[in-house]
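Open the model in a viewer and keep the sequence panel beside it. The stops below say what to select next and what is there.

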Amino acid sequence: VDVSRAWPQTVVITVTERRAAYALSGPGTAVDLVDASGTPFRTVPSAPDGLLTVTVSVRDQRTLGDAATVVAALPASIREHTTSMSVESVDRIVIHLDGSRTLIWGSAQQSEMKAQVAGALVQTRATVYDVSAPSHPATRP
């Protein structure tokens, strides 16, 4: 919400609605919707269709924000095969892909570069893709 005053007698209130970047799983079946800044803003019974579900080990502003950074950076070619994401620590973000494949992202740093590398890397046949060091990506059968 942004509030400003327009002289002589007007107050202008501008409301910008939050948009969910991902669904944060928690205990039980309810999930929290989290915006692009990593701020949870609404609890819903289940994740809306098309919204990525993320689990975090430590629920703090940094890990929630890092998760939002990675979700935003995922190219469509990877996003359509993503089943979930887990944030074990700020340096251990893992994306789970269909077919029991795993994409190790590492930290949220260099996410744009990691996204480019991952887009090319997942074209190869492997079960584990590692872009945590994007200048030295790796795969495992």
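Colour the chain by secondary structure and follow the sequence: the pattern reads β-β-β-β-β-β-α-α-β-β-β-α-β-β. The chain has 3 helices and 11 strands, taken as DSSP runs numbered from the N terminus, with helices (H or I) of at least four residues and strands (E) of at least two. This is a predicted model, in which local features need pLDDT of at least 70 and side-chain atom pairs count only at pLDDT 80 or more, while totals for chains, interfaces and linings use all residues. Residues are numbered from 1 along each chain as its sequence is written, and side-chain values use heavy atoms, with hydrogens and water left out.

**Whole chain**

Zoom out. Along its principal axes the C-alpha trace spans about 70 × 35 × 25 Å. Show the surface: its accessible area is about 8300 Å², and 52% of this belongs to carbon and sulfur atoms (Shrake-Rupley method, 1.4 Å probe; for residues, only the protein chains shown count as cover). Of the 141 residues, 38% are buried; buried means under 20% relative accessible area, exposed over 50%, and partly exposed in between (1.4 Å probe, protein chains only).

**Helix H1**

Select residues 61–73. This is helix H1, with 13 residues and a reach of 18 Å from its first C-alpha to its last, close to the 18 Å expected at 1.5 Å a residue; the expected span is 1.5 Å times one less than the number of residues. Which residues of H1 are buried? They are Thr63, Leu64, Gly65, Asp66, Ala67, Ala68, Val70, Val71 and Ala73.

**The nonpolar cores**

Next, select Tyr22, Val54, Met85, Ile95, Leu103 and Trp105, the residues with the most contacts inside the largest nonpolar core, which has 31 residues. A nonpolar core is a set of buried Ala, Val, Leu, Ile, Met, Phe, Trp, Tyr and Cys residues joined through side-chain atoms within 4.5 Å. Two or more residues of this core come from each of strand S3 (22–25), strand S6 (53–56), H1, strand S7 (82–89), strand S8 (92–97), strand S9 (101–106) and helix H3 (111–121). H1 gives the most, with 6 residues.

Centre on Ile95. Apart from neighbours within four places in sequence, Ile95 is in contact with Val70, Leu74, Thr82, Ser84, Met85, Arg101, Thr102, Leu103 and Trp105 (contact means heavy atoms within 4.5 Å). A second, separate core has 5 residues, among them Ala23, Val31, Leu33 and Leu51.

**Both ends of helix H3's numbering**

Select Ser111, in helix H3. Ser111 is buried, at a relative accessible area of 6%. Leaving aside neighbours within four places in sequence, its contacts are Thr69, Val70, Ala73 and Trp105.

Move to Leu121, also placed in helix H3. Is Leu121 buried or exposed? Its relative accessibility is 13%, so Leu121 counts as buried. With neighbours within four places set aside, Leu121 is in contact with Tyr129, Asp130, Val131, Pro137, Ala138 and Thr139.

**Salt bridges**

Show the charged side chains. There are 5 salt bridges, each a side-chain nitrogen of Lys or Arg within 4 Å of a carboxyl oxygen of Asp or Glu.

- Asp35 and Arg18 meet at 2.3 Å, N to O. Asp35 is in the loop between strand S4 (31–34) and strand S5 (40–44), and Arg18 is in the loop between S2 and S3, 17 residues apart. Asp35 is buried at 8%, whereas Arg18 is partly exposed at 41%.
- Asp32 and Arg59 also form a salt bridge, at 2.3 Å, N to O. Asp32 belongs to strand S4 and Arg59 to the loop between S6 and H1, 27 residues apart. Asp32 is buried at 13%; Arg59 is partly exposed at 47%.
- Arg92 pairs with Glu88, their closest N and O atoms being 3.3 Å apart. Arg92 is partly exposed at 34%, and Glu88 is partly exposed at 40%.

**A nonpolar surface patch**

Finally, select Val1, Val3, Val11, Ile13 and Val15, which make a nonpolar surface patch of about 540 Å². Patches are made of residues with over 30% relative accessible area and no salt bridge; like charges are joined within 9 Å, nonpolar side chains (Val, Leu, Ile, Met, Phe, Trp, Tyr) within 5 Å. Val15 sits in the loop between strand S2 (10–14) and S3 and is exposed, at a relative accessible area of 60%.
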